[in-house]
Amino acid sequence: MSTLILAAVVILLVIVIISAGVKVVPQSETRVIERLGRFHSVLSPGLNFIIPFVDKPKTIYTRRVETGVGGRHFVRNTATPVIDLREQVYDFPSQQVITRDNVTTEINALLYFQITDPKKAVYEIDNLPNAIEKLTQTSLRNVIGELELDETLTSRDTINSKLQVILDEATNKWGVKVNRVELQDITPPETVRVAMEKQMQAERNRRAEILNAEGEKQSLILRSEGEKASKINQAEATKQAEILRAEGEAQAIILNAQAEADAILRVAQAVSAGKTDPATYMLAMKYIDTLREMTTGKDNKTVYIPYEASSVLSSIGSIQSLFEKK
């Protein structure tokens with residue numbers, strides 16, 4: 001009976017020893033193995049064998065954000081032999097920083113990093129999460145201290161790039177690769193926010209007034225150009241009308257002159273046969289036309305004919321007899 005118990009104990013010890021020497025490492029994880037307190041190897045994903053009680057995994061600190069009672073978030077640092085090789089994110093609590101123009105601002109940052117050398121991450125730094133957090137805070141203060149508040153609010157990409165370069169260079173000796181840094185919230189003091197809102201409202205009002213003024217200006221310009229074009233068109237129309245009227249009057253004068261010239265020519269030809277002066281004839285005809293205009297009308301008029309006109313009018317009879325002979 002005692003032999004069976006002893007055999008069972010031995011088998012149990014063998015199973016414990018074998019199980020302690022077999023390490024199954026999941027994908028994207030690793031272990032740093034120390035043999036008698038000295039670095040020995042880094043386990044790769046899959047099945048690995050170590051010497052029990054001689055080889056031991058080195059512990060490393062990890063940082064986890066957990067949700068407690070009431071939905072409150074808190075950070076917990078734990079020691080574990082598991083080294084996660086995936087990209088990790090640290091959400092740091094808000095911290096107060098001072099800008100170059102002496103404005104205290106609260107900033108919340110996110111850090112994305114990845115362990116590339118497990119050996120350095122274990123032996124080059126004691127508490128990796130704490131070191132990364134303190135380094136991020138100090139670097140953030142330095143970067144924000146070089147910028148004014150307006151630049152801080154409008155230059156997030158620039159701040160992220162600067163922080164990423166600074167942290168990547170500083171954490172390289174820890175076997176850590178900082179992929180990117182993101183600023184979540186930038187919260188200036190309440191008084192500054194109120195002043196900024198008033199300034200923004202004033203700027204919007206100024207832009208609105210400028211746009212209204214520009215609109216009125218364009219409207220006046222277009223209206224004046226329309227009036228100008230209308231006046232030019234009216235002037236051109238008046239000019240064309242005057243030109244056409246003048247051309248018509250000139251044509252009428254020319255036609256009247258031609259008709260009168262033809263009449264004078266015919267009269268001259270007619271009176272030349274009767275030995276009558278054409279000038280005397282024309283003068284007599286003018287006298288007759290003038291007398292006709294003087295005697296027309298409703299009122300009774302008395303017309304006095306000069307004595308010297310009788311000689312001119314006397315030629316009318318001879319002209320009449322001339323035409324009768326013709």
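User: How do the residues of the lining of the largest cavity divide into nonpolar, polar and charged?

Analyst: This is a predicted model, in which local features need pLDDT of at least 70 and side-chain atom pairs count only at pLDDT 80 or more, while totals for chains, interfaces and linings use all residues. Residues are numbered from 1 along each chain as its sequence is written, and side-chain values use heavy atoms, with hydrogens and water left out. A cavity is a set of points on a 1 Å grid over the protein atoms alone where a 1.4 Å probe fits but cannot get out, and its lining residues have an atom within 4 Å of a point. With Ala, Val, Leu, Ile, Met, Phe, Trp, Tyr, Cys and Pro counted as nonpolar, Asp, Glu, Lys and Arg as charged, and the others, Gly among them, as polar, the lining divides into eight nonpolar, two polar and two charged residues.

User: Which strand gives the most to the lining of the largest cavity?

Analyst: The lining includes Ile60, Tyr61, Thr62 and Arg64. Strands here are DSSP runs (E, at least two residues), and helices are runs of H or I of at least four, both numbered from the N terminus. At least two lining residues come from each of β6 (60–67), β8 (83–84), β9 (88–91) and β11 (104–115). The element that gives the most, with four residues, is β6.

User: About how much space lies in the second largest cavity?

Analyst: Among the residues lining this cavity are Gln95, Ile107, Thr136, Gln137 and Leu140. Both β11 and α3 (128–145) supply at least two residues of the lining. A volume is the space filled by probe spheres set on the grid points, which are joined across faces, edges and corners; for the second largest cavity this is about 30 Å³.

User: Is Gln95 buried or exposed?

Analyst: Gln95 is found in strand β10 (residues 95–98). Beyond its neighbours within four places in sequence, Gln95 is in contact (heavy atoms within 4.5 Å) with residues including Thr136, Gln137 and Leu140. Buried means under 20% relative accessible area, exposed over 50%, and partly exposed in between (1.4 Å probe, protein chains only). Because its relative accessibility is 9%, Gln95 counts as buried.

User: Which residue forms a salt bridge with Arg63?

Analyst: Side chains of opposite charge can pair when their charged atoms come close. A salt bridge is a side-chain nitrogen of Lys or Arg within 4 Å of a carboxyl oxygen of Asp or Glu, and the structure holds 10 of them. Arg63 is buried because its relative accessibility is 7%. Its partner, at 3.8 Å from N to O, is Glu133.

User: How far apart are the closest N and O atoms in the salt bridge of Lys177 with Asp168?

Analyst: Lys177 counts as partly exposed because its relative accessibility is 35%. Asp168, with a relative accessible area of 18%, is therefore buried. The closest N and O atoms of this pair are separated by 3.0 Å.

Notes
1 Å grid on protein atoms, 1.4 Å probe; cavity = no way out; pocket = protein on both sides within 12 Å on 5 of 7 lines; lining within 4 Å.
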